[in-house]
Amino acid sequence: MTDYLLRPIGHIESGLTDPTAAPRQPDEGAPQAWLILDERYVRALDGVTAGTDVLLLTWLDRADRDTLTIHPRGDTTRAISGVFATRAPHRPNPIGLHHIHILAINGTRIHVRNLEALNGTPILDLKPLLTTDR
């Protein structure tokens with residue numbers, strides 16, 4: 001197999017430090033947080049504005065990469081499921097996908113709401129949220 005090198009572009013600043021106490025989804029009490037990007041990426045923020053929704057990709061650096069099956073949401077009364085059928089952080093490539101709302105931007109500091117990522121989590125990328133009118 002081929003390995004791929006990922007370079008974090010920044011990290012999360014959040015009051016969430018304990019994985020067992022963190023909300024599992026953003027609508028379950030995820031706090032406001034800051035995305036802190038490395039200064040060399042300031043030009044990459046051109047066109048990113050407060051008041052918009054974006055997709056944030058993170059590297060869930062505290063995840064167990066050997067986990068292949070789990071009880072969804074840690075509930076042992078639920079049948080075991082493969083991690084690819086869940087949003088569990090523990091998976092072979094622990095890439096976090098977060099739909100976030102930008103509250104403010106100050107240089108390379110981006111204030112966001114509803115982010116369930118832990119303090120210090122590496123940021124991989126930001127992408128605009130594209131919607132289609134039907």
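The following exercises, each with a worked solution, concern the predicted model shown above.

Residues are numbered from 1 along each chain as its sequence is written.

**Exercise 1. The chain as a whole**

Task: State how many helices and strands the chain has, and describe its burial, contacts and surface.

Solution. 
1. Helices (H or I, at least four residues) and strands (E, at least two) are DSSP runs, numbered from the N terminus. The chain has zero helices and eight strands, and its pattern along the sequence is β-β-β-β-β-β-β-β.
2. A residue is buried under 20% relative accessible area, exposed over 50%, and partly exposed in between (1.4 Å probe, protein chains only). Of the 134 residues in the chain, 34% are buried.
3. A contact requires heavy atoms within 4.5 Å. Among contacts with a separation of 6 or more, 74% join residues 24 or more positions apart.
4. Accessible areas come from the Shrake-Rupley method with a 1.4 Å probe, and for residues only the protein chains shown count as cover. The chain exposes about 8800 Å², of which carbon and sulfur atoms supply 52%.

**Exercise 2. Charged side chains**

Solution. 
1. Side chains of opposite charge can pair when their charged atoms come close.
2. Arginine 40 is exposed because its relative accessibility is 60%, whereas aspartate 38, at 35%, is partly exposed.
3. Aspartate 46 is exposed at 56%, and arginine 43 is exposed at 66%.

**Exercise 3. Aromatic rings**

Task: Determine how many aromatic pairs the structure holds, and which residue lies over the face of tryptophan 34.

Solution. 
1. Rings of Phe, Tyr and Trp (its six-membered ring) pair if their centres lie within 6.5 Å; planes under 30 degrees apart count as stacked, over 60 as edge-to-face and the rest as tilted. A search of the whole structure finds zero such pairs.
2. A charge sits over a ring if NZ of Lys or CZ of Arg is within 6 Å of the ring centre and within 35 degrees of the ring normal. Arginine 109 lies over the face of tryptophan 34, at 4.5 Å from the ring centre.
3. Phenylalanine 84 belongs to the loop between β5 (81-82) and β6 (95-106). With a relative accessible area of 70%, phenylalanine 84 is exposed. Setting aside residues up to four places away in sequence, phenylalanine 84 touches Arg91 and Pro92.

**Exercise 4. The nonpolar core**

Task: Describe the largest nonpolar core and name the residues with the most contacts inside it.

Solution. 
1. A nonpolar core is a set of buried Ala, Val, Leu, Ile, Met, Phe, Trp, Tyr and Cys residues joined through side-chain atoms within 4.5 Å. The largest such core has 15 residues, and Ile12, Leu35, Val112 and Leu115 have the most contacts inside it.
2. The elements giving two or more residues to this core are β2 (33-37), β3 (53-59), β6 and β7 (109-113). With three residues, β2 gives the most.
3. Not counting residues up to four places away in sequence, leucine 35 touches several residues, including Ile12, Leu56, Ile100, Val112 and Leu126.
4. Leucine 126 itself is in strand β8 (residues 122-128). Beyond four places in sequence, the contacts of leucine 126 include Leu37, Leu45, Val54 and Ile110.

**Exercise 5. The loop between β7 and β8**

Task: Characterise asparagine 114 and glycine 120, which are found in this loop.

Solution. 
1. Asparagine 114 has a positive phi of about 60° although it is not a glycine. Its relative accessible area of 32% makes asparagine 114 partly exposed.
2. Glycine 120 is also partly exposed, at 35% relative accessibility.
3. Glycine 120 and glycine 10 are 110 residues apart in sequence, with their C-alpha atoms 9.0 Å apart in space. Apart from residues up to four places away in sequence, glycine 120 touches His11, Ile12 and Arg62.

Terms used: This is a predicted model: local features need pLDDT of at least 70, side-chain atom pairs count only at pLDDT 80 or more; totals for chains, interfaces and linings use all residues. Side-chain values use heavy atoms; hydrogens and water are left out.
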